[in-house]
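Hello,

Here is the structure I promised to pass on to you. Please have it open while you read the notes below it.

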Amino acid sequence: MPKSLKLIIAIVLPLAIGGFSGFLTANAIGTWYTTLNQPAFNPPNWVFGPVWTTLYLLMGISFYRIWCLPISKERTDAMKVFGVQMILNFFWSLIFFKWHFIGLALMEIIVMWRSEEHTSELQSPCNLVCRL
């Protein structure tokens, strides 16, 4: 597969997952979420769209860099953990915003952080950019 196609797929996949998750939970942002007791440093709602888009874009670039590594058990493991990470990212928004399970969302985000850390650990040391 050409690298350019891999790059497009790697970027579109996380953006699509994040976009679909956002679509499913958008109504809760203006209703339920605004009723929560939030700290003074909580950013305004308009910040979240550009920030999450940027984060999903960077996740896609990271995935592309993993995908371009030579085929190995380590690469396969990193791709699997990245897939788990994407599933967790998708469901966190549903758990928190749509279903309002704040405690479960906290537990899920801890698992998600660990999967992100594990993805980073699985990356080749020569692929330091992805680990940042």
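This is a predicted model: local features need pLDDT of at least 70, side-chain atom pairs count only at pLDDT 80 or more; totals for chains, interfaces and linings use all residues.

Residues are numbered from 1 along each chain as its sequence is written, and side-chain values use heavy atoms, with hydrogens and water left out.

Arg75 lies in helix H3 (residues 73-98), where helices are DSSP runs of H or I with at least four residues, numbered from the N terminus. Because its relative accessibility is 13%, Arg75 counts as buried, a word that means under 20% relative accessible area with a 1.4 Å probe, protein chains only. Its side chain reaches the backbone oxygen of Leu69 at 3.2 Å, and a polar atom of that side chain lies 2.7 Å from the backbone oxygen of Trp67.

Trp67 also belongs to the buried residues of H2, which include Tyr56, Met59 and Phe63. The 23 residues of helix H2 (residues 45-67) should span 33 Å at 1.5 Å a residue, and this agrees with the 34 Å between its end C-alpha atoms; the expected span is 1.5 Å times one less than the number of residues.

The largest nonpolar core has 11 residues, among them Trp32, Leu88, Phe96 and Ile109; such a core is a set of buried Ala, Val, Leu, Ile, Met, Phe, Trp, Tyr and Cys residues joined through side-chain atoms within 4.5 Å. H3 gives the most to this core, with 5 residues. Apart from it lies another core, of 8 residues, including Met59 and Trp67.

Best wishes

Notes: Helices (H or I, at least four residues) and strands (E, at least two) are DSSP runs, numbered from the N terminus. Buried means under 20% relative accessible area, exposed over 50%, partly exposed in between (1.4 Å probe, protein chains only). A polar contact is a pair of N or O atoms within 3.5 Å; within protein, one must be able to donate a hydrogen and the other to accept it, and residues adjacent in sequence count only if both atoms are side-chain atoms.
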